[in-house]
Protein chains: 2
Amino acid sequence: MKNYMNLKKVNKIIYRTHNCGELRKKDLGKEVILSGWIQKIRNLGSLFFIDIRDYFGITQLIISKKQVKKNFLLGKEFLIKVKGKVVERLSKNYNIPTGEIEILVSYINLINSSLSPPFTIEDKTDGNEEMRMIYRYLDIRRNPIKNNLIIRHNLVLEIRNFFSKNGFLEIETPILINDTPEGARSFIVPSRTHINKFYALAQSPQLFKQLLMIGGIDKYFQIIKCFRDEDSRSNRQIEFTQIDCEMSFVEVHDILIFFEHFIKHIFQKIKNIQLDPFPCISYSNAIKMYGTDSPDIRFGMDFVELNDLVQRKDINVLKTQELVIGIKVKECKNLQQNKMDCFLKKIENKNFFWIKYLYDQTFLFSNSIFLNEEIIKIFVKYFEAIPGDLLFFSYGKKRKTREELGKIRVKIADILNLKDSKTFTPLWIKDFPLLEWDKILKKYKSVHHPFTSPKEEDLHLLEKKPKNVRTKSYDLIINGIEIGSGSIRIHNKNIQNLIFKHLGFSKKEIESRFGFFIKAFEYGVPPHGGIAFGLDRLINLLERDQNIKNFIAFPKNNYGKDLMINAPSFLEKEKLKELHFR
Amino acid sequence: MKNYMNLKKVNKIIYRTHNCGELRKKDLGKEVILSGWIQKIRNLGSLFFIDIRDYFGITQLIISKKQVKKNFLLGKEFLIKVKGKVVERLSKNYNIPTGEIEILVSYINLINSSLSPPFTIEDKTDGNEEMRMIYRYLDIRRNPIKNNLIIRHNLVLEIRNFFSKNGFLEIETPILINDTPEGARSFIVPSRTHINKFYALAQSPQLFKQLLMIGGIDKYFQIIKCFRDEDSRSNRQIEFTQIDCEMSFVEVHDILIFFEHFIKHIFQKIKNIQLDPFPCISYSNAIKMYGTDSPDIRFGMDFVELNDLVQRKDINVLKTQELVIGIKVKECKNLQQNKMDCFLKKIENKNFFWIKYLYDQTFLFSNSIFLNEEIIKIFVKYFEAIPGDLLFFSYGKKRKTREELGKIRVKIADILNLKDSKTFTPLWIKDFPLLEWDKILKKYKSVHHPFTSPKEEDLHLLEKKPKNVRTKSYDLIINGIEIGSGSIRIHNKNIQNLIFKHLGFSKKEIESRFGFFIKAFEYGVPPHGGIAFGLDRLINLLERDQNIKNFIAFPKNNYGKDLMINAPSFLEKEKLKELHFR
């Protein structure tokens with residue numbers, strides 16, 4: 001075996017004996033080799049103090065001027081390798097773990113020089129988002145971005161281990177599939193070998209995870225990239241990551257219980273936060289109580305319906321409205337008086353009015369024709385308002401009135417700083433309607449997606465009054481943000497076909513788009529359901545950050561462009577020809 | 001909070017109290033609910049014995065004829081829910097974990113009926129590959145495929161936890177990137193919003209993982225889908241999964257040591273197999289010893305070079321050859337005599353000859369003009385052959401002679417069953433050449449890829465004799481299959497540019513294709529290197545299976561078609577227009 005090599009005898013380059021974050025007082029006197037990027041240089045005349053940085057931390061070097069002169073000029077982000085002895089620092093820096101020692105350098109070697117970086121590589125940088133995206137590799141050297149990637153790694157690993165321990169299999173589903181209508185547009189991939197044919201990039205593994213259930217897999221999950229060809233939308237990525245789950249032989253109840261456990265586990269493990277039990281309300285009640293299907297319930301202010309009151313008290317203008325609703329803002333301090341006054345002024349003369357119960361027991365109120373002392377007292381009494389409270393009212397058509405008071409409710413919480421960033425308040429919304437009317441296309445579309453099961457008690461409406469049918473669907477909302485969405489799926493062929501029909505698909509279209517899926521329904525489909533969570537959103541929420549890009553190593557901008565590599569880009573003509581483009 | 005629901009009070013459908021794999025003797029007397037697919041029905045006149053199957057196993061039911069008649073007809077793959085009592089079986093089946101009990105059914109409910117499946121849903125099926133792919137969801141119900149998906153899940157989870165424990169971060173890199181030349185063709189994705197521009201699907205995260213190292217990440221890994229638009233090739237998938245790794249501040253030595261540890265860990269954990277230390281040879285020695293860069297070393301038969309011998313012994317024809325090599329097949333039993341004779345006949349009259357040392361001390365040999373008793377004895381003596389041994393020789397031009405004897409070596413191992421399927425013999429091949437000449441395109445191409453670092457000792461050849469330069473590259477071969485491939489990357493701008501030049505890229509092309517990458521080289525690139533393993537191949541090897549599709553939930557066929565969903569497919573004209581196709 002003379003030709004075989006013994007790896008242990010190979011002479012090799014050693015870049016480091018330790019990293020830049022690990023040396024401590026206990027290492028005093030050791031001869032070490034470190035490699036790292038220059039973070040800071042202080043010139044003290046005969047000496048240089050240089051901080052070098054790597055993934056693990058920062059270590060201070062002392063280098064005599066002679067040493068450096070002999071070699072070369074140094075600057076920020078130059079990558080150097082040094083040999084030296086660990087010595088105790090005179091002026092210790094207790095802010096960093098290596099702050100009690102420094103390296104007395106005996107040898108210094110430049111691995112690579114650097115241009116002056118286009119923005120400062122510090123926790124707070126002077127780089128704007130565009131520059132940070134173009135030079136993302138430099139942005140990643142900054143602690144905030146690096147730490148976000150570490151947190152994301154830990155979160156994802158924890159999720160995988162959690163699901164695995166709970167009997168879920170992670171199964172890869174294909175990315176290159178066919179175009180199926182799932183609400184958004186798919187990216188299209190021309191086939192070179194199958195002329196005039198196209199793949200589409202999967203928007204989600206929806207049909208495949210259902211086919212896995214049909215295939216007898218009991219519990220499935222996958223953390224997977226999904227692709228949607230969306231027009232520019234801030235804080236959305238055209239490729240994003242989903243935590244996708246599906247279970248067989250379950251009902252809504254089982255899913256909500258299990259995934260409440262999941263979310264609690266994640267908050268406990270990652271943030272050491274104990275979440276309270278998740279409340280659960282129906283879609284229609286969410287609309288009635290908050291004017292939205294993704295309510296932020298950190299700050300109360302549920303809607304109060306006042307139609308009975310205004311009828312009973314015979315209040316003009318209001319008594320003839322389809323809906324009158326109000327909210328009470330408790331002990332509304334004067335801290336944000338200016339902002340609030342501004343806001344109150346802005347919403348006057350629309351279908352709103354407000355009453356402010358002042359501490360001197362008098363009232364301020366909006367300029368509405370029907371408001372007078374007597375009527376104000378009716379509302380104040382009804383709401384049991386006390387001095388300091390603020391009452392808001394909205395009236396008109398049901399849907400619009402609720403939606404608009406919903407927006408006002410959130411706006412007030414912003415103005416008064418009622419959104420406690422340390423509180424996480426999850427909420428399940430369930431029983432969404434099956435269909436909504438698309439005014440532009442003049443046809444029904446699915447509220448969730450075409451595979452969502454109607455509720456048993458509404459099945460009798462499915463044929464004739466599909467608009468009134470509610471579904472076995474649920475969203476998980478935390479602090480007003482939709483974190484997860486799912487449903488129990490249809491496992492009955494006839495119901496599935498009827499819904500396709502309601503959605504306006506012809507028999508031919510059903511066959512060409514979903515033929516394989518309908519065929520699978522002939523072979524004993526089990527009851528099943530699932531949920532998908534947006535990983536990018538979940539981590540944003542956990543870390544209380546606003547910008548989704550901060551947790552993605554190489555994000556695209558809001559227009560789907562990768563500014564670093566300048567994608568998408570033009571193609572060579574030959575390549576286009578190969579793909580049968582003209 | 002009158003509108004909030006208490007989940008615990010919801011009336012719900014219960015599909016099962018237990019699964020079909022968990023009931024045992026200790027459960028006798030329990031009233032249970034089970035759901036599952038009918039695997040088998042035996043009609044005993046007044047009674048039916050029915051086996052129902054789910055993900056977890058099989059349970060036998062006893063149903064009285066009356067019970068069934070009242071309800072409906074049953075058949076294979078019908079999905080039923082039953083209530084009943086756990087009773088002890090009279091004739092126990094010790095082959096399955098539930099074989100000591102059965103369920104005396106009191107209530108039976110049909111959840112979904114089924115057509116007769118197109119192939120038997122048993123461990124051994126009568127379905128051909130095409131049918132199994134079209135009805136993949138039924139194929140997945142079979143234990144062999146289901147178990148493969150479980151094994152894959154466990155393997156992938158083990159890999160992720162291993163890397164995480166060793167300080168690697170899993171970081172997602174983008175799929176939608178630009179087309180860069182990486183050896184294979186990329187799939188192209190037209191942009192709808194950026195007219196005439198295109199994304200390409202990433203063939204690998206190569207540049208991005210290098211940019212992560214430039215970004216100061218110390219150790220990276222990712223288990224990621226990669227995409228290559230290849231012409232039909234058996235056992236290749238157009239979308240496949242890679243275990244992708246990269247480390248900073250390392251040399252070849254560090255990588256080989258660490259990833260030997262990784263592979264050993266996986267074999268230990270998943271297969272309980274303790275691998276021997278991995279030998280390591282250079283590319284050029286692999287070619288000299290085995291005629292291939294992916295040798296199977298389970299069965300010896302290293303090449304012996306005979307040029308000196310044939311010169312010294314003045315053997316006609318052979319003494320003028322560029323290369324003469326031979327191998328000895330030890331104690332070649334007569335078991336496969338027919339096959340072997342057939343093979344020997346087939347290779348006669350080419351640049352081969354063979355000598356068979358019979359047990360009666362005589363020789364059989366191929367019909368070559370220069371072979372005679374005297375010459376045969378020279379070779380037999382040189383090889384220290386004994387009766388039963390078989391000698392093979394090849395001669396001619398170096399490269400071709402080696403390649404062809406390499407193929408014969410493998411073929412003989414096949415014929416004589418020398419490839420022990422229980423043995424795993426890993427081997428590192430290193431020091432591949434930098435470049436190879438592409439005869440068709442008439443230019444150099446990279447043997448690994450354009451980012452592979454030359455060896456220090458060959459750097460002086462880079463400018464003038466690039467063809468002679470060897471690189472810091474390595475492949476991991478197990479049982480003749482390439483499982484992993486990687487290299488130390490270039491971290492010097494000038495070397496990177498020089499190699500781009502050798503590959504025939506103009507300055508403009510370098511700028512347009514790799515501009516962002518070259519730019520990153522201005523900011524202190526660290527020494528770094530990595531490796532990528534084919535997950536599909538690794539699991540195939542671990543499970544000693546030949547067909548990669550058996551470990552992929554929804555594979556494509558050898559022509560890149562998904563037979564189940566019939567992708568790729570034609571697109572609607574509107575969609576084409578939207579993408580600016582004409």
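Modeller: Let's begin with a word we will need: a residue is buried when its relative accessible area is under 20%, exposed when over 50%, and partly exposed in between (1.4 Å probe, protein chains only). Residues are numbered from 1 along each chain as its sequence is written, while chains are lettered from A and ligands numbered from 1 in the order in which they are written. This is a predicted model: local features need pLDDT of at least 70, side-chain atom pairs count only at pLDDT 80 or more, totals for chains, interfaces and linings use all residues, and side-chain values use heavy atoms, with hydrogens and water left out.

Biologist: Is A:R489 buried or exposed?

Modeller: A:R489 is found in the loop between β22 (481–488) and α12 (493–502) of chain A. Helices (H or I, at least four residues) and strands (E, at least two) are DSSP runs, numbered from the N terminus. The relative accessible area of A:R489 is 2%, so the residue is buried.

Biologist: With which side chain does the side chain of A:R489 make a polar contact?

Modeller: Contact means heavy atoms within 4.5 Å; not counting residues up to four places away in sequence, A:R489 touches several residues, including A:Q206, A:E246 and A:H528. A polar contact asks for a pair of N or O atoms within 3.5 Å; within protein, one must be able to donate a hydrogen and the other to accept it, and residues adjacent in sequence count only if both atoms are side-chain atoms. At 2.8 Å, the partner of the A:R489 side chain is that of A:S487.

Biologist: Which residues does UniProt list for "binding site"?

Modeller: UniProt positions are given in the numbering used here, with shortened feature names, and annotations may be inferred rather than shown by experiment. The entry is unreviewed, and under this heading it lists A:E182, A:R228, A:H448 and A:R489.

Biologist: Which residue in β9(A) stands opposite A:V189?

Modeller: Strands β7, β9 and β8 of chain A form an open sheet of three strands in the order β7-β9-β8, with antiparallel pairing. Its edge strands, β7 (176–177) and β8 (188–190), each pair on one side only, where two strands pair if DSSP finds at least two bridges between them. Three bridges join β8(A) to the antiparallel β9 (residues 198–201), and there A:V189 stands opposite A:Y199.

Biologist: What is the radius of gyration of chain A?

Modeller: The radius of gyration is taken over C-alpha atoms, and the globule rule is 2.2 Å times the number of residues to the power 0.38. The C-alpha atoms of chain A fill a box of roughly 95 × 75 × 50 Å along the principal axes. A compact globule of 582 residues would come out near 25 Å, but chain A has 31 Å.

Biologist: In β17(B), which residue is the bridge partner of B:K328?

Modeller: Strand β14 (residues 323–329) of chain B is mostly covered, with six of its seven residues buried. In β17(B), the bridge partner of B:K328 is B:L391.

Biologist: What separates the C-alpha atoms of B:C332 and B:L390?

Modeller: B:C332 lies in the loop between β14 and α9 (337–347) of chain B, and its relative accessible area of 6% makes it buried. Not counting residues up to four places away in sequence, B:C332 touches B:M340, B:G388, B:L390 and B:L416. Although B:C332 and B:L390 are 58 residues apart along the chain, their C-alpha atoms are separated by 6.4 Å.

Biologist: How many of the eight residues of helix α14 in chain B are buried?

Modeller: The buried residues of α14(B) include B:L535, B:D536 and B:L542. Helix α14 (residues 535–542) is mostly covered, and of its eight residues the buried ones number seven.
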